[in-house]
Amino acid sequence: MKSKGLKIVTIGGGSSYTPELIEGFIKRFEELPVKEIWLVDIEEGKEKLDIVGNLAKRMVQKAGVPIDIHLTLDRRMALKDADFVTTQFRVGLLEARAKDERIPLKYGVLGQETNGPGGFFKALRTIPVILEICKEMEELCPDAWLINFTNPAGMITEAVIRNTNIKRVVGLCNVPIGMEMGAAKLLDVEHSRVRIDFAGLNHLVYGLDVFVDGISVKEKLIKLLSNPDKSVTMKNIHAMGWEPEFLKALNLFPCPYHAYYYKTREMVEKEIQASKEDGTRAEVVKKLEDALFELYKNPTLTEKPLQLEQRGGAYYSDAACRLIHSIYTDKKDIQPVNIKNDGAIKGIPHNSAVEISCIITKDGPKPIAVGELPVPVQGLIQSIKSFERITIEAAITGNYETALLALTINPLVGSDKIAKKILDEMLEAHKVYLPNFFNRENIILSS
Ligand code: G6P
């Protein structure tokens, strides 16, 4: 790293989450000397970039830290000599997400941002873009760290691991920190005293054990979690209590997204009902986001507004700053991140991405190996990892049959006939963002 201060580049800089990222760098400035932050977006996001970028400038000015904030649509110029590149972009914006959520529901299948057909199509739209960004990084900032929290974060990180020369890539999610905060609340202790051993996949991670001051409290937590109105969830996931006997037998701390797999019927019914009432999550979030940008426009606003914590992705950006800080200072603390498996979880391919507790060093996260996962969860993890690997292949090749295969084997779809109907309708709905499917050249898939 350069001693003259770090260059941070954020692709998707016009995101409503950006103020949390800026706040994260401001509060760590003493130990993390960021000199410049480049917020990058595309033409369609220029207005949002200007609004949130000017707030970012007011935030650093108010804090009195000498960080230069640059706003640009020129990604290549921004990437030159970057030290850290964070990615937080949404191809097709919330309008595309609303289609991801609404169309599958017509067929009685879960419509959700990162799971089922919604997660599949978000991956199809996103993977070609992240691979382009990586090509530019290989040329313009080959030594930079890529910190990806573009969803579906695990799949996107794996696409980079297996299809680019970027060796310094880490995927991030806020679900683990959400689980820690939720556990701390239920146990009525300070969040800082809670530590969870995480292992699994992104948005499918399990707490293998839960500690308060180093003492396992998993049994106590599982009892608390069985109380119907005491569930740990995120702002974007309907809270439903777990059956006590199920949770006791599972003997693990499930993440909020497990509800889509262990409560599928109820969750699909809930989503169908919500889509008829307040709208799908993306439609609800669109209103939240518009209100946030109205707030951000206020020239007297000089800090991250609390309303941002209404978004499910709250604490994502702080997790990113915490990770960057630990890499930069070689802190060797433990953080849950998405990283190349390399045998840490037995049964998952070595070059696949897993979400796991890691020791964070200047050379990057070192996974704390868990070996075999408990038998009750091996099947779900394997089936989702198969789905993820075939999805990545479909995203790169643009091959229709591969896409149909991926959708059909997804445990939330489970019908080739319905998968085909959903695939045909959603390919058409997202056509403009799927060049690999609609103006195909010969795309060679790397190993
Ligand atoms: C969760 C997930 C994120 C996801 C977010 C959606 O926190 O961890 O990956 O993007 O919620 O939140 P939203 O407010 O957009 O529904």
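Does Asp 188 count as buried or exposed, and at what relative accessibility? The points below take up this residue together with the pockets, a helix pair and the backbone of this predicted model.

1. Asp 188 counts as exposed, because its relative accessibility is 70% and the cut-off for that class is over 50%. The residue sits in the loop that runs between α7 (175-187) and β7 (194-201). Its phi is positive, at about 60°, although Asp 188 is not a glycine.

2. Asp 342 also deserves a look. Its phi is near 50°, again a positive value in a residue other than glycine. Asp 342 belongs to the loop between β10 (333-340) and β11 (353-361). For background, most residues other than glycine have a negative phi.

3. Asn 151 and Pro 152 are joined by a cis peptide bond, with omega about -10°. Pro 152 is placed in the loop between β5 (145-148) and α6 (153-163). In general, most peptide bonds are trans.

4. The largest pocket holds about 1200 Å³ of space. It is lined by 49 residues, and those closest to its centre are Lys 48, Gln 88, Phe 89, Arg 90 and Leu 93. By class, the lining has 18 nonpolar, 14 polar and 17 charged residues.

5. At least two residues each come from α2 (46-63), α4 (93-105), α5 (116-140) and α12 (281-297). The largest share belongs to α12, which supplies eight residues.

6. Two of these helices, α4 and α12, pack against each other at an angle of about 155°, and their axes are 8 Å apart. Angles over 145 degrees count as roughly antiparallel, so α4 and α12 are placed in that class. On the α4 side the contact is made by Leu 94, Glu 95, Arg 97, Ala 98, Glu 101 and Arg 102. On the α12 side it is made by Arg 281, Ala 282, Glu 283, Val 285, Lys 286 and Glu 289. The residues of this contact comprise eight charged and four nonpolar, with no polar ones.

7. The second largest pocket contains about 480 Å³ of space. Its lining consists of 19 residues, and Gly 178, Met 181, Gly 182, Thr 233 and Lys 235 are nearest its centre. That lining divides into six nonpolar, seven polar and six charged residues.

Methods: Residues numbered from 1 in each chain as written. Predicted model: local features only at pLDDT ≥ 70, side-chain atom pairs only at ≥ 80, totals over all residues. Heavy atoms only, no water. 1 Å grid on protein atoms, 1.4 Å probe; cavity = no way out; pocket = protein on both sides within 12 Å on 5 of 7 lines; lining within 4 Å. Points joined across faces, edges and corners; volume = space filled by probe spheres on them. Helix = DSSP H or I, 4+ residues; strand = E, 2+ residues; numbered from the N terminus. Nonpolar A, V, L, I, M, F, W, Y, C, P; charged D, E, K, R; others polar. Buried < 20%, exposed > 50% of the residue type's maximum accessible area, 1.4 Å probe, protein only. Axes fitted to C-alpha atoms, helices over the stretch in contact; angles between N-to-C directions. Parallel < 35°, antiparallel > 145°, perpendicular 65-115°, else oblique. Contact = heavy atoms within 4.5 Å.
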